[in-house]
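Subject: Structure handover

Hello,

Here is the structure I promised to pass on. Please open it first, then read the notes below.

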Amino acid sequence: MTRRETIARLRCIESDCLVIYPTDRRLYTCQSCGGLLDVIYDFNLPSGAGEMKSIFLERKTAQTDLERSGVWRFRELLPFVRDTSRVVTLAEGNTPLYTSARSADYAGLDGLRFKHQGMNPTGSFKDNGMTTGVTQAIELGASAVACASTGNTSASMAAYAARANLRALVFIPADQIAYGKLSQSLEYGATVVEIEGNFDDAMRIVRELAEETELYLLNSINPFRLEGQKAIAIEMMEQCGWQAPDWIVLPGGNLGNSSAFGKALHEMAELGLINRIPRLAIIQAEGASPLYELLASPDRRAFKPFAHPQTLATAIKIGNPISWKKALRALEWTNGVVERVTEQEIADAKAIIGRDGIGCEPASAATLAGIRLLVASGVISPADDVIAVLTGNLLKDPDYTIRYHTEDLSLDARAIKGSFRNRPARVAADREEIKRLLHL
Ligand code: F0G
C-alpha cells in the first residue's frame with residue numbers, strides 16, 4: 001500500500017472496558033474483563049466508495065484465487081493481513097443469489113432470494129471465515145489449529161489447515177454429526193476426536209485446551225473468522241447493486257454469523273458503501289432458542305443457556321452460543337428481530353426450498369420457516385425485499401432428507417410428517433409394470 005497503512009487492532013466489545021490489544025497476540029477474549037473481541041480498523045480506503053466498488057467487481061474476473069476470492073477481493077474492508085502472499089484460500093465466496101418463486105409463495109412474499117453459501121468449496125459459509133482464520137493462524141506462527149463443531153466448521157477448518165500444512169484437531173459431539181461432514185474432515189486429514197457430550201461440552205473443552213496449549217482456536221469466538229464472514233454480507237450488497245434489501249434472514253446457532261453480518265452492515269454504512277441498513281431476522285430452532293428467549297424476557301442481559309438443546313438441525317443445536325452479546329449488538333444496529341420455528345416447520349420449509357431446485361441442509365431452511373411466521377404475524381410485509389442466507393449444502397445431511405421423504409423422521413419419539421414427501425417407488429424389473437406405475 002502506498003498510502004498510510006490501515007492499522008488493525010483487537011478491542012473488547014464491552015462498553016465499560018474497550019481495552020485494545022495488538023493483532024499479533026493470540027487472544028480470543030479480553031484479558032481484563034473476559035469480553036468478546038472485535039477486530040477494529042482506522043479505515044483508510046485507497047479510493048472513494050464508488051471507485052472501491054468498481055475495484056471489488058473487477059477483481060472477480062482475475063485469474064488468481066486470491067484476487068478472485070469472494071473474501072479477499074474485498075480485502076480493504078478487512079485489512080488485517082499485511083502480506084497477502086501468506087493468505088490461505090480456496091477461492092471461496094462468490095456464491096449465487098437465487099430467486100425462488102415457490103419458496104416466496106410458501107412464505108407469503110411477492111419475491112424472495114436465497115444467498116446460497118452451501119456453494120462454497122467445502123459446502124458452507126464457514127469457508128468465508130476459515131480463509132481469514134487460518135491466514136491469521138499463519139500470521140501468528142501457529143502449527144496446530146482446533147475447533148469444536150457440529151460438522152461444517154470442522155470440514156472447513158480441516159480443508160484450510162491441509163492447504164496451509166497445519167495440524168488440525170477437530171472435536172465433535174459423538175454420534176451427532178452428519179456423515180457428509182465427518183467424511184470431509186477425515187479425507188482432509190484432520191485428527192477427529194469424538195466427545196461424549198453435546199456441542200457445548202466440546203466447545204468448553206476446546207476453549208480450555210486453547211488456553212493451556214499452543215492450539216489456535218478457530219471457532220467463531222475467534223474475531224478473525226468473523227472478519228471473513230463479513231464478506232458474505234458485502235458480496236450480497238454488491239449483488240444487489242449496493243441497494244440494501246429490507247430484510248436479511250439468517251439461522252442462528254453459535255451466533256457468529258449474525259454477529260459478522262451486523263458488523264459488516266454497520267461498517268459498510270459508516271464507509272458510505274450502502275445508504276441504509278437492512279433489518280436482520282435471526283431464526284432459531286425452538287429446542288435451541290436462547291436468544292429468542294432473551295429477547296422475550298424483560299431483562300436483555302439475563303441470558304439463560306439451554307442446558308439440553310434439541311433439534312434435528314444439528315448445525316444450530318447449540319444451547320450456549322458464544323457470540324450472543326455480539327448478536328444482540330447486531331440486532332440493535334439493524335433494528336433486527338429473532339423468531340423461533342418448530343422441527344416440522346423446518347422440515348417442510350427445507351422440502352419447499354428443494355422444489356425450487358436449490359436445496360439446503362436443515363438449519364438453512366429455518367430461514368424460510370421463520371420468514372413464513374414473520375409474514376403471517378405482519379412483521380415482514382409481502383412486498384418487502386427479503387434475502388435469506390442458506391448456510392449449508394443439501395449434501396451435508398442426506399440421512400435427514402431421505403428420512404423426511406420416507407416419513408421416518410422424528411425427534412424424541414415425536415414424528416415429523418412428510419408433508420411434501422417424495423418417496424422412491426420400488427418395482428419389478430418389468431417394462432409393462434413400470435409403464436403402469438408411471439402412467440406412461
Ligand atoms: N448454518 C449452518 C449450516 C451451520 O453449520 C451453522 C453452524 C449455523 C448455521 C449457525 O451459525 O453458529 O454462526 O450462528 N455450525 C457450526 C459448526 C456450529 O460446527 O459447523 P452460527
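First, how helix packing is described here. Axes are lines fitted to C-alpha atoms, for helices over the stretch in contact, and angles run from 0 to 180 degrees between N-to-C directions. Helices (H or I, at least four residues) and strands (E, at least two) are DSSP runs, numbered from the N terminus.

Two notes on the source. This is a predicted model, where local features need pLDDT of at least 70, side-chain atom pairs count only at pLDDT 80 or more, and totals for chains, interfaces and linings use all residues. Residues are numbered from 1 along each chain as its sequence is written, and side-chain values use heavy atoms, with hydrogens and water left out.

Overall picture

The protein has 15 helices and 15 strands. Its C-alpha trace spans about 75 × 55 × 45 Å along the principal axes.

Helices H5 and H6

H5 covers residues 152-164 and H6 covers residues 179-187. Their axes lie 8 Å apart, at an angle of about 20 degrees. From H5, Asn152, Ser154, Ala155 and Ala158 meet Lys181, Gln184 and Ser185 of H6 (contact means heavy atoms within 4.5 Å). By class, this contact of H5 with H6 has two nonpolar, four polar and one charged residues. Here Ala, Val, Leu, Ile, Met, Phe, Trp, Tyr, Cys and Pro count as nonpolar, Asp, Glu, Lys and Arg as charged, and the others, Gly among them, as polar.

Helices H8 and H9

H8 (residues 223-239) and H9 (residues 256-270) have axes that come within 8 Å and cross at roughly 60 degrees. H8 and H9 are therefore oblique to each other. The contact includes Leu226 and Ile232 of H8, and Phe261 and Leu265 of H9. It has 11 nonpolar, four polar and four charged residues by class.

Helices H12 and H14

The axes of H12 (residues 343-355) and H14 (residues 398-405) come within 11 Å and cross at roughly 95 degrees. That makes H12 roughly perpendicular to H14. Among the residues that meet are Ile346 and Lys350 in H12, and Tyr400 and Tyr404 in H14. The contact of H12 with H14 has five nonpolar, two polar and three charged residues.

After H15

Last, look at His439. This residue follows H15, and its phi is positive, near 55 degrees.

Best wishes

How values were computed
Angles under 35 degrees count as roughly parallel, over 145 as roughly antiparallel, 65 to 115 as roughly perpendicular and the rest as oblique.
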